[in-house]
Amino acid sequence: MMKGIQDYYPDHFGQCYGCGRLNEHGYQLKTAWDGEETLTRFTPSAYHTAIPGSVYGGLLASLIDCHGTGSAALALAKEKGIQLEGFNAPRCVTGSLQVSYKKPTPIDSTLEIRGIIKEVKGKKVVVEIRLLSKGEVCVTGEVIAIQVPDDFGK
Ligand SMILES: CCCCCCCCCCCCCC(=O)SCCNC(=O)CCNC(=O)[C@H](O)C(C)(C)COP(=O)(O)OP(=O)(O)OC[C@H]1O[C@@H](n2cnc3c(N)ncnc32)[C@H](O)[C@@H]1OP(=O)(O)O
């Protein structure tokens, strides 16, 4: 599996259900650059179903959510010239999450979730997301992510 920004969060930020590297029950998403876009992949299982043959919409929203916050963290690291090493990644939480389901998402294929950074303003990052199955855009979304300090949630 590829390395993602989530591998550079310290342990106490590693429990997120969507992307925490230490949550053995979670999705453990890995968000990385792919050229100017950000990319993560997720392979759904049969039990992630909604209507027959397609993926449950709440899961798709989760994937957009965590890929959005991970993309925002990557964008902040780039903006600040941070070389990722150890556990020095900026961390963001979701301020808002908007999701639009364009067509049913086939469940029998690995999903690609792609992000485009629309805005970086101080600690706020706006990320536009496309979720594709079999090369077709099935869901679009927008995440507004906000950087949080190291002691957030402690
Ligand atoms: C427990 C630890 C968790 C940390 C894990 C990290 C790693 C794992 C990651 C996993 C994550 C997985 C995903 C999850 O599940 S994350 C879990 C779900 N999210 C939350 O629980 C977040 C709860 N909310 C907060 O803590 C605060 O309200 C935050 C931190 C979001 C902002 O409060 P803060 O006081 O810091 O903000 P500010 O007032 O200085 O505003 C700054 C700018 O931001 C803009 N803005 C603010 N709020 C919103 C909003 N709701 N929508 C749109 N925009 C908003 C605001 O207009 C301004 O922009 P501008 O006017 O300058 O243009």
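In β6, V125 has A145 as its bridge partner. This pair belongs to an antiparallel arrangement of β5 and β6 that extends over 10 bridges. Strands count as paired if DSSP finds at least two bridges between them. Strands (E, at least two residues) and helices (H or I, at least four) are DSSP runs, numbered from the N terminus. The model is predicted: local features need pLDDT of at least 70, side-chain atom pairs count only at pLDDT 80 or more, and totals for chains, interfaces and linings use all residues. Residues are numbered from 1 along each chain as its sequence is written, and side-chain values use heavy atoms, with hydrogens and water left out.

Strand β5 covers residues 124–133. Of its 10 residues, 7 are buried. Buried denotes a relative accessible area under 20%, exposed over 50%, and partly exposed the range in between, with a 1.4 Å probe and protein chains only. β5 also pairs with β4 (residues 111–121), again antiparallel, through 10 bridges. Within that pairing, I116 is bridged to E128 of β5.

Most residues other than glycine have a negative phi. K134 sits in the loop between β5 and β6. At 52% relative accessibility, K134 is classed as exposed. Q28 is another non-glycine residue with a positive phi, in this case about 50°. Q28 is located in the segment before β1. With a relative accessible area of 28%, Q28 is partly exposed.

I117 is part of strand β4. Its relative accessibility is 23%, so I117 counts as partly exposed. Contact is defined as heavy atoms within 4.5 Å. Not counting residues up to four places away in sequence, I117 touches W33, S71, A75, V125, V126 and V127. The C-alpha atoms of I117 and P149 are 21 Å apart, with a sequence separation of 32 residues.

Two further residues of the segment before β1 were examined. T31 lies in this segment. T31 is buried, at 0% relative accessible area. Its side chain makes a polar contact of 3.1 Å with that of H67. A polar contact is a pair of N or O atoms within 3.5 Å; within protein, one must be able to donate a hydrogen and the other to accept it, and residues adjacent in sequence count only if both atoms are side-chain atoms. Beyond neighbours within four places in sequence, the contacts of T31 include G4, I5, Q6, T38, L39 and T40. H67 is also among them, as are C66, G70, S71 and L74.

D7 also precedes β1 (32–34). Its relative accessible area is 16%, so D7 is buried. The D7 side chain reaches the backbone nitrogen of G4 at 2.9 Å.

For K121, an N or O atom of the side chain is 2.7 Å from an oxygen atom of the ligand. For K124, the corresponding distance is 2.8 Å. For K123, a polar side-chain atom lies 2.9 Å from a ligand oxygen. The ligand taken alone exposes 1300 Å², and the protein buries 55% of that. These areas come from the Shrake-Rupley method with a 1.4 Å probe; for residues, only the protein chains shown count as cover.
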